Amino acid sequence: MARPFHHNLSIEILSKELLIIIFGLCIEDSYDLLCVSQVCQWWRRIVHSCSEFWTEIGMVNPSSDPFGMAKHWVERSGRRLLDISVMEDWNSPPRSVAKQVSVHQFSKALDGTGHRWRTIYLECPPEDVQVILRHLNHSDRRSLESLEVHVRHSSWNDALFDTVAHIIS
C-alpha cells in the first residue's frame, strides 16, 4: 500500500515581494490593512514597510484619535501621493464639539502634505470642507487630480464657494 504524500508548506516560504502582491489584492480598506498587519510580526513588518498601502487617508465620522491615525498613515506613506477623504453620516445627530475637534485634529495631521494630495473626497458639513481645504490654499496643487465635495444643498455658503473656487482656479 502506498503511503500518502504530505506537503508541509508554510506561507513563510513565499517571498516578501509575492506577499506584497497578495496583500495588495486582498486589502480593500484600512480595516483590512490593520487586520493583515496583526497576523504576525513578519506580516506587520512587510505591511508597515510598503508605502503604497498607506496612501488612502480617511476619516468616517469622528474617531477616537484622528490625529494619531492620520499622522501614522502620512508617515507610512513615505513620499507617495495621497487620497484624502472625510465623510460624515448625514443621519447622525447635530454636530457636537467632539466631531468638530476630530476634523480639526485630522486636518492638523495633514499639515505640510497638501502638495501630495492626489484626490480629495469630502462628504461633510461646509465648515469641515473649509478646515480640510485650508491646507491647499498655500501649497502646491500640481498633484491634485480630483476634488469632489458633497454638502447639503442648503449648506452652501459664500465662504465655502470662495474656498472651493480658490482651489480650482
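User: In what order do the elements of the chain run from the N terminus on?
Analyst: The elements run α-α-α-β-α-β-α-β-α-β-α. That comes to seven helices and four strands. Helices (H or I, at least four residues) and strands (E, at least two) are DSSP runs, numbered from the N terminus. The model is predicted: local features need pLDDT of at least 70, side-chain atom pairs count only at pLDDT 80 or more, and totals for chains, interfaces and linings use all residues. Residues are numbered from 1 along each chain as its sequence is written, and side-chain values use heavy atoms, with hydrogens and water left out.

User: Why is the pair of tryptophan 54 and tryptophan 73 called edge-to-face?
Analyst: Rings of Phe, Tyr and Trp (its six-membered ring) pair if their centres lie within 6.5 Å; planes under 30 degrees apart count as stacked, over 60 as edge-to-face and the rest as tilted. Here the centres are 4.7 Å apart and the planes stand at 75°, so the pair is edge-to-face. The search of the whole structure finds two aromatic pairs.

User: What makes this pair a tie between separate parts of the sequence?
Analyst: Tryptophan 54 lies in the loop between α3 (41-49) and β1 (56-60), and tryptophan 73 in helix α4 (residues 66-76). The two parts are 19 residues apart in sequence, so the pair ties them together.

User: Are tryptophan 54 and tryptophan 73 buried or exposed?
Analyst: Buried means under 20% relative accessible area, exposed over 50%, partly exposed in between (1.4 Å probe, protein chains only). Tryptophan 54 has 0%, so the residue counts as buried. Tryptophan 73 has 5%, so this one is buried too. Across the chain, buried residues make up 36% of the 169 residues.

User: How do you know that arginine 76 lies over the face of tryptophan 54?
Analyst: A charge sits over a ring if NZ of Lys or CZ of Arg is within 6 Å of the ring centre and within 35 degrees of the ring normal. Arginine 76 is at 5.9 Å from the ring centre of tryptophan 54 and lies over its face.

User: What makes arginine 80 and glutamate 52 a salt bridge?
Analyst: A salt bridge is a side-chain nitrogen of Lys or Arg within 4 Å of a carboxyl oxygen of Asp or Glu. The N to O distance for arginine 80 and glutamate 52 is 3.3 Å, and their side chains meet in a salt bridge. The pair links distant parts of the chain: arginine 80 is in the loop between α4 and β2 (82-87), glutamate 52 in the loop between α3 and β1, 28 residues apart. Arginine 80 has a relative accessible area of 38%, so the residue is partly exposed. Glutamate 52, at 35%, is partly exposed as well.

User: How many salt bridges does the count come to?
Analyst: The count comes to two. Aspartate 83 and arginine 118 meet in a salt bridge at 2.9 Å, N to O. Aspartate 83 is in strand β2 and arginine 118 in strand β3 (residues 117-123), 35 residues apart.

User: Why does aspartate 83 count as buried, and why does arginine 118 count as partly exposed?
Analyst: Aspartate 83 has 16% relative accessibility, so this residue is buried. Arginine 118 has 24%, so this residue is partly exposed.

User: What makes up the share of contacts with a separation of 6 or more?
Analyst: Residues 24 or more positions apart account for 73% of them. Contact means heavy atoms within 4.5 Å.
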